[in-house]
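Please have the sequence and the structure open while I talk.

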Amino acid sequence: MLEPSTVAHVHTRLRETSPLVQVITNYVSMDIAANLLNAAGASPAMVHDAHESGEFARIAGAVVANIGTLSDPWVDGMLAAVAQAEADGTPWILDPVAVGATTFRRDTVDRLLEHNPAVIRGNASEILAIATSAGAGRGVDADAAVEDVRSDAEALASKLGTVVAMTGATDLVTDGTRSVTITGGDPRAPMITALGCSASALVAACCAVHDDALEASASALAILSAAVEKAGEKAEGPGSLRWRLLDALSTLSADEAAAVAAR
Ligand SMILES: Nc1ncnc2c1ncn2[C@@H]1O[C@H](COP(=O)(O)OP(=O)(O)OP(=O)(O)O)[C@@H](O)[C@H]1O
Ligand SMILES: Cc1ncsc1CCO
Ligand SMILES: [Mg+2]
């Protein structure tokens, strides 16, 4: 159970403390992820090169490693940042974009996982692919649904000692012992490219202001769900849903965010 008061607390802390979030993310997502963090009250910094990513991680409140548009220099930058985050006890979030698609992605995720992410945020197919290769799942399904992957996600979270935040029509957040579902949003949400990457960035921002990674992750997805739903009331399609989401997030009240947890 996610307490509405927890969501309200995390929402307020974001705006009061404006955490610095180092977002190492793909080219597609940089603009929307940065704007979404700003609208939520956080401070994004897209710092990815290995010459500086480890040094920058020392001052970040949380770090994201997203493998969406992967190449060797990006892998080096991510590994430097997450190694520093691990050493400092700074939460970092893995977004394993399309991890089941290629060997390069699978190998990179294996290397990143050695540094103990606080949260893995992915869609059901991505979570199933990681669970399978970690010996905690049953096989790859490109169009997996959250409900069907629930037990794999819980087993993966237990095995790795991490939080798994799995998004879809309903979101599931689990640490293997506690599991929380979040509903709402808008059925057109998947048409906004990189909304999942932006969700990962918001999860990181919430982990920077709230120590319990399960509560922080679930609060992030509840805040996003509330804002998408509000934006969807007047949106005519994915274009206006996208810009209305930024407006809705920037004006969302703590009570509106908390209401999603009360369902
Ligand atoms: N069918 C749906 N109905 C309502 N909301 C959805 C639906 N599918 C996804 N969402 C929401 O969209 C957001 C992004 O989740 P999604 O699972 O699409 O991420 P993703 O596949 O990693 O996306 P991307 O790779 O494009 O960034 C989450 O907030 C999720 O709750
Ligand atoms: C479309 C796309 N391609 C690589 S990353 C990305 C953004 C959604 O994950
Ligand atoms: Mg994704």
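This is a predicted model: local features need pLDDT of at least 70, side-chain atom pairs count only at pLDDT 80 or more; totals for chains, interfaces and linings use all residues.

**The sheet and the residues around it**

Let me begin with Thr-167, which is found in strand 6, where helices (H or I, at least four residues) and strands (E, at least two) are DSSP runs numbered from the N terminus. Residues are numbered from 1 along each chain as its sequence is written, and chains are lettered from A and ligands numbered from 1 in the order in which they are written.

Is Thr-167 buried or exposed? Thr-167 counts as buried, because it has 27 C-beta neighbours inside 10 Å; the rule is that a residue is buried if 20 or more other C-beta atoms lie within 10 Å of its own, exposed if 12 or fewer, and partly exposed in between, with C-beta atoms placed from the backbone. Leaving aside neighbours within four places in sequence, Thr-167 is in contact with Asn-123, Gly-196, Ala-199 and Leu-221, contact being defined as C-beta atoms, placed from the backbone, that lie within 7 Å.

The UniProt annotation "binding site", from an unreviewed entry, covers Arg-121 and Thr-167, and although these are spread over 47 residues of sequence, they cluster in space, with a largest C-alpha distance of 7.5 Å. Arg-121 has its place in strand 5 and is buried, with 31 other C-beta atoms within 10 Å. Not counting residues up to four places away in sequence, Arg-121 touches Ile-93, Asp-95, Ala-165, Ala-199, Ser-200 and Val-203.

That list brings us to Asp-95, which sits in strand 4, residues 92-95, and which counts as buried because it has 32 C-beta neighbours inside 10 Å. Beyond four places in sequence, the residues that Asp-95 touches are Val-64, Asn-66, Arg-121, Gly-122, Cys-197 and Ser-200. Its C-alpha atom is separated by 9.0 Å from that of Glu-126, a residue 31 places away along the chain.

How are the strands arranged overall? They include an open sheet of 8 strands in the order 2-1-3-4-5-6-7-8, with mixed pairing, where two strands pair if DSSP finds at least two bridges between them. Strand 2 (43-45) and strand 8 (179-182) stand at the edges with a single partner strand each, so one side of each is left without a neighbour in the sheet. Neighbouring strands of this sheet are turned by 20° against each other on average, direction ignored. Within the sheet, strand 3 (residues 62-66) and strand 4 run parallel and are joined by 4 bridges, and Asn-66 stands opposite Asp-95 in strand 4.

**Helices**

Helix 9 (residues 213-232) packs on the sheet, touching strand 5 (119-123), strand 6 (163-167), strand 7 (171-174) and strand 8, and its direction makes about 15° with that of strand 6. Here axes are lines fitted to C-alpha atoms, for helices over the stretch in contact, and angles run from 0 to 180 degrees between N-to-C directions.

Helix 2 (residues 30-40) and helix 10 (residues 238-251) pack at an angle of about 25°, with their axes 7 Å apart. They are therefore roughly parallel to each other, the convention being that angles under 35 degrees count as roughly parallel, over 145 as roughly antiparallel, 65 to 115 as roughly perpendicular and the rest as oblique. Asn-35, Leu-36, Ala-39 and Ala-40 of helix 2 make the contact with Leu-246, Leu-249 and Ser-250 of helix 10.

Met-46 lies in the loop between strand 2 and helix 3 (53-57) and counts as partly exposed, with 16 C-beta neighbours inside 10 Å. Ala-194, in the loop between strand 8 and helix 8 (195-209), counts as buried, with 23 such neighbours.

Definitions and conventions
Two residues are in contact if their C-beta atoms, placed from the backbone, lie within 7 Å. UniProt positions are given in the numbering used here, feature names are shortened, and annotations may be inferred rather than shown by experiment.
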